[in-house]
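Good morning, and thank you for the time. I would ask you to keep the structure in view while I go through several of its elements in turn.

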Amino acid sequence: LDDQDGHGLSEDEVTEGRAFYTFDVPGTPIRFVIIDTTAQTSGADGLLTDADRTRLVEALDQAVVDEKWVMLASHHAAGSLTSTGGAFGTVDDPDALTTAEFTDIVTSYDNVLFSFVGHSHRHRIATLEGNGRAVVEVMTAAVADFPHQSRIVEIWDMDNGWVMLRGTAVDFVSRGDRLAEEARRLGIVDYTSGWADNNDSMVTDRNVEIFLPAPGAP
């Protein structure tokens with residue numbers, strides 16, 4: 001990471017105002033490609049411009065050259081991409097990437113395995129399917145809402161032609177912290193009362209083991 005400051009941003013990203021960058025996990029073939037999906041024209045949902053398309057393709061092309069296994073990471077899931085940024089967006093970008101276009105790009109690279117996303121405050125495992133293959137989208141909940149969890153992710157080379165992702169949901173400690181305890185209580189009220197979205201994946205997609213063919217495996 002640039003200057004060992006922990007966020008990977010160089011002067012180029014600061015100048016452009018877009019947090020697109022990559023980093024490799026030492027001693028492994030894994031490369032993370034970080035995608036800035038924030039809408040610069042306001043709105044809470046995702047927006048990727050035509051210039052962002054170029055940034056993404058260049059990063060994925062380079063990963064092929066470097067023989068890296070790619071893990072994507074962004075705030076928004078593919079299904080949250082819009083042309084406006086959603087509610088309160090001020091501009092409709094006709095060249096913005098659609099969900100289908102994003103899916104077509106990332107599935108066209110055999111070395112792209114997983115996409116880590118958030119935004120929707122739920123645990124959910126989904127697939128982005130295209131070009132005869134799938135990229136697995138791993139969404140993790142938020143500490144702000146039920147189930148108030150983060151996720152530990154482990155990626156294993158099974159040494160048999162398969163890659164396994166193990167995702168383990170973890171709780172935060174609230175004992176002795178009155179504010180954290182009250183936040184958790186209110187989140188549970190939202191969920192059990194039906195005010196918050198009550199979906200089965202909140203349970204089924206918490207602790208998972210997912211297997212994908214290893215890039216380059218026969």
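This is a predicted model: local features need pLDDT of at least 70, side-chain atom pairs count only at pLDDT 80 or more; totals for chains, interfaces and linings use all residues.

I begin with Asn131, which is found in the loop between β5 and β6. Residues are numbered from 1 along each chain as its sequence is written, and side-chain values use heavy atoms, with hydrogens and water left out.

Asn131 has a phi near 55 degrees, a positive value in a residue other than glycine. Its relative accessibility is 48%, so Asn131 counts as partly exposed. On this scale buried means under 20% relative accessible area, exposed means over 50%, and partly exposed lies in between, with a 1.4 Å probe and protein chains only. Asn131 sits in the turn of a hairpin formed by β5 and β6, with 2 residues between the strands.

That brings me to the strands themselves. Strands count as paired if DSSP finds at least two bridges between them. β5, residues 124–130, is joined to β6 by 7 bridges, and the two run antiparallel; within this pairing, Ile125 has Val138 of β6 as its bridge partner. β4, residues 112–117, is joined to β6 by 4 bridges, and here the strands run parallel. Val117 is the bridge partner of Met139 in β6. Why is β6 described as largely enclosed by the rest of the structure? The reason is that 6 of its 7 residues, in the range 133–139, are buried.

The peptide bond from Phe146 to Pro147 is cis, with omega near 10 degrees. His148 lies in the loop between β6 and β7 as well, and has a phi near 55 degrees, again positive in a residue other than glycine. Because its relative accessibility is 1%, His148 counts as buried.

Next, the helix α4. It comprises the 16 residues 178–193, which at 1.5 Å a residue should span 22 Å, and its end C-alpha atoms are 22 Å apart, in agreement. The expected span is 1.5 Å times one less than the number of residues. Which residues of α4 are buried? They are Ala180, Arg184, Gly187 and Tyr191. Seen down the helix axis, these buried residues fall within an arc of 65 degrees, so they line one face of α4; the arc is that of the directions from the axis to the C-beta atoms. The face turned away from this buried side carries the exposed residues Arg178, Leu179, Thr192 and Ser193.

Just after the helix, Gly194 takes a positive phi of about 90 degrees.

I turn now to the interior. A nonpolar core is a set of buried Ala, Val, Leu, Ile, Met, Phe, Trp, Tyr and Cys residues joined through side-chain atoms within 4.5 Å. The largest such core has 20 residues, of which Leu60, Leu72 and Phe102 touch the most other members. At least two residues of this core come from each of β2 (30–35), α2 (50–65), β3 (69–74) and α3 (99–107). The largest share, 4 residues, is supplied by α2. Apart from this core lies another, of 18 residues, including Ala73, Val136, Val163 and Ile210.

Finally, two buried loop residues. Asn111 is placed in the loop between α3 and β4, and counts as buried because its relative accessibility is 8%. Its side chain reaches the backbone oxygen of Lys68 at 2.9 Å. Asp36, in the loop between β2 and α2, has 11% relative accessibility and so counts as buried. A polar atom of the Asp36 side chain lies 2.8 Å from the backbone nitrogen of Ala19.

Thank you; I am glad to take questions.

Definitions and conventions
A polar contact is a pair of N or O atoms within 3.5 Å; within protein, one must be able to donate a hydrogen and the other to accept it, and residues adjacent in sequence count only if both atoms are side-chain atoms.
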